[in-house]
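Colleague: I am new to reading structures. Could you walk me through a few features?
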Amino acid sequence: MKIRPLADRVVIQMLEAEEKTKSGIILTGTAKEQPQIAEVVEVGPGGVVDGKEIKMEVEKGNKVLFSKYAGTEVKVEGEEYIILRQSDILAVVE
Amino acid sequence: MKIRPLADRVVIQMLEAEEKTKSGIILTGTAKEQPQIAEVVEVGPGGVVDGKEIKMEVEKGNKVLFSKYAGTEVKVEGEEYIILRQSDILAVVE
Amino acid sequence: MKIRPLADRVVIQMLEAEEKTKSGIILTGTAKEQPQIAEVVEVGPGGVVDGKEIKMEVEKGNKVLFSKYAGTEVKVEGEEYIILRQSDILAVVE
Amino acid sequence: MKIRPLADRVVIQMLEAEEKTKSGIILTGTAKEQPQIAEVVEVGPGGVVDGKEIKMEVEKGNKVLFSKYAGTEVKVEGEEYIILRQSDILAVVE
Amino acid sequence: MKIRPLADRVVIQMLEAEEKTKSGIILTGTAKEQPQIAEVVEVGPGGVVDGKEIKMEVEKGNKVLFSKYAGTEVKVEGEEYIILRQSDILAVVE
Amino acid sequence: MKIRPLADRVVIQMLEAEEKTKSGIILTGTAKEQPQIAEVVEVGPGGVVDGKEIKMEVEKGNKVLFSKYAGTEVKVEGEEYIILRQSDILAVVE
Amino acid sequence: MKIRPLADRVVIQMLEAEEKTKSGIILTGTAKEQPQIAEVVEVGPGGVVDGKEIKMEVEKGNKVLFSKYAGTEVKVEGEEYIILRQSDILAVVE
């Protein structure tokens with residue numbers, strides 16, 4: 001089974017806490033908005049979204065920072081994913 | 001009797017709970033927004049919507065994930081449907 | 001006397017409860033938004049609305065589903081009508 | 001003295017209750033928005049408004065239906081008028 | 001000293017109550033929005049405002065009707081003025 | 001040290017109360033919005049801002065009227081400045 | 001490890017209080033919005049963002065003033081950063 005996101009949407013999966021510690025990324029907590037790190041598992045086709053040409057800039061396997069309140073959580077075959085728009089991804093961590 | 005959606009609207013029908021379990025998709029509950037899975041039963045013609053050319057990307061029979069608070073529920077000849085815009089569909093599950 | 005709607009507006013008239021039952025359409029009640037069924041009695045000319053070319057897709061006699069909170073109610077010569085924009089019509093029922 | 005409306009604005013004057021009864025138009029009261037009937041007394045020149053070409057579709061003498069909460073009331077030489085945008089006019093009654 | 005308004009702004013000055021009575025314009029009070037009459041004393045150059053070409057339609061000396069809550073009040077050399085955008089002017093009274 | 005504003009931003013500095021009195025400008029207090037007078041000390045380059053070409057119309061040394069709630073206050077080397085967009089400047093006083 | 005911001009985003013790092021004092025920049029506190037000073041550490045590629053061509057105007061090493069409530073805080077390998085859009089940067093301090 002595969003989740004195929006539409007338009008400029010991206011499917012990501014949270015990295016486990018241990019992985020975060022290993023990778024040296026610790027997210028600070030603020031009252032306003034908590035960033036999170038996740039791995040990209042599926043990328044939509046992009047194309048014309050809301051009348052504007054969107055080119056996808058992230059790819060499968062990228063580690064990304066995104067805003068906590070962005071996107072929608074889903075659970076498929078026991079795995080949890082988040083589906084969000086590419087514009088809700090802040091940065092790629094390399 | 002047939003529901004013919006206008007513009008970029010799509011008519012979907014919720015999958016039964018048993019089907020969801022069979023298909024291995026379980027949706028997590030969040031306070032913010034609960035995604036749902038449904039099957040596409042009718043697809044609007046697309047075309048120019050709000051002055052922008054919309055191409056329909058989903059088709060009859062697709063299983064789709066969508067946001068709970070999107071769309072309008074209707075009941076026709078005893079069957080319940082939801083009518084929403086294609087842009088409220090997050091992903092196709094294959 | 002005739003109501004001639006401007007721009008992309010459509011004049012519709014609610015179907016009686018009996019008719020709805022006969023036609024097999026029952027509308028579910030949700031806290032959020034209740035769809036309704038009505039018959040189209042007048043259609044505006046379309047054209048350029050808010051700087052965008054609008055083509056009218058519904059015609060007199062169409063049975064349509066629309067959102068309850070859309071439009072404005074008027075009573076002319078004892079008959080009640082609703083005037084709404086075409087974009088507030090969800091689907092045509094055939 | 002004359003009120004010359006700017007851009008896509010229209011000056012209208014409410015019809016007296018008696019006239020409404022004569023003309024057979026009775027407006028239903030809803031909690032949300034009460035439509036009203038009035039006669040057009042002045043029409044703005046249209047042209048480019050908010051960067052969009054607006055063509056005036058109503059003319060002096062037209063009886064029009066409009067939303068109660070649209071427009072601004074003024075009193076000139078003892079007469080009450082309402083100034084609103086053409087887009088707040090729902091329909092012409094003929 | 002002179003106030004030179006930028007872009008599509010207009011400087012107006014309220015007419016005295018006596019003048020209003022003489023001119024026969026009485027403004028009705030509504031809970032929503034009170035129109036007012038004033039004389040235009042300075043007109044901005046217009047041009048491209050928010051990416052749209054604005055042509056100034058009012059001129060010095062025009063008596064104009066405008067919405068009470070539009071604009072900003074200033075006092076220069078003992079005189080009170082209001083600075084507002086041309087789009088907040090409803091009509092010219094002639 | 002110099003503040004170089006980006007895009008269509010302008011750096012201004014409030015005129016002292018004495019100067020205002022000398023220049024004959026007194027600002028009236030309203031509950032809604034209090035205009036203020038200041039001197040322009042730095043002007044951004046303009047150019048394409050939010051996809052629109054912005055031409056800067058104010059220059060260093062101009063006395064300007066602006067809305068109190070516009071912009072952000074900063075203090076550099078003991079001097080207080082306000083950084084705002086040119087569109088928040090109402091008028092130049094000459 | 002490196003944070004690569006997407007689109008028109010910029011990664012900045014707050015200057016220490018001592019540095020601010022040395023550089024002579026003191027930020028005033030207002031109830032509305034507190035500006036802050038930081039150093040640019042990474043700059044996104046710009047390009048087409050929301051259908052508009054964005055050219056990046058800041059570069060690594062620039063000292064910038066920005067609005068406190070803009071952006072998202074992250075902590076990578078013990079260092080705290082803020083990721084914001086270039087349009088949330090008010091000015092470069094030179």
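This is a predicted model: local features need pLDDT of at least 70, side-chain atom pairs count only at pLDDT 80 or more; totals for chains, interfaces and linings use all residues.
Colleague: Is A:Glu80 buried, partly exposed or exposed?

Modeller: Buried means under 20% relative accessible area, exposed over 50%, and partly exposed in between (1.4 Å probe, protein chains only). A:Glu80 has a relative accessible area of 47%, so this residue is partly exposed. A:Glu80 sits in strand E9 (residues 79-85) of chain A; strands (E, at least two residues) are DSSP runs, numbered from the N terminus.

Residues are numbered from 1 along each chain as its sequence is written, chains are lettered from A and ligands numbered from 1 in the order in which they are written, and side-chain values use heavy atoms, leaving out hydrogens and water.

Colleague: Where is B:Gly71 in chain B?

Modeller: B:Gly71 lies in the loop between strand E7 (63-67) and strand E8 (72-76). With a relative accessible area of 21%, B:Gly71 is partly exposed. Its C-alpha atom is 8.0 Å from that of B:Asp88, 17 residues apart along the chain.

Colleague: How many residues of strand E7 of chain A are buried?

Modeller: Four of the five residues in E7(A) (residues 63-67) are buried, and the strand is mostly covered.

Colleague: Which strand of chain A is joined to E7(A) by four bridges?

Modeller: Two strands pair if DSSP finds at least two bridges between them. Here the partner is strand E10 (residues 89-93), running antiparallel to E7(A). Within this pair, A:Phe66 stands opposite A:Ile89.
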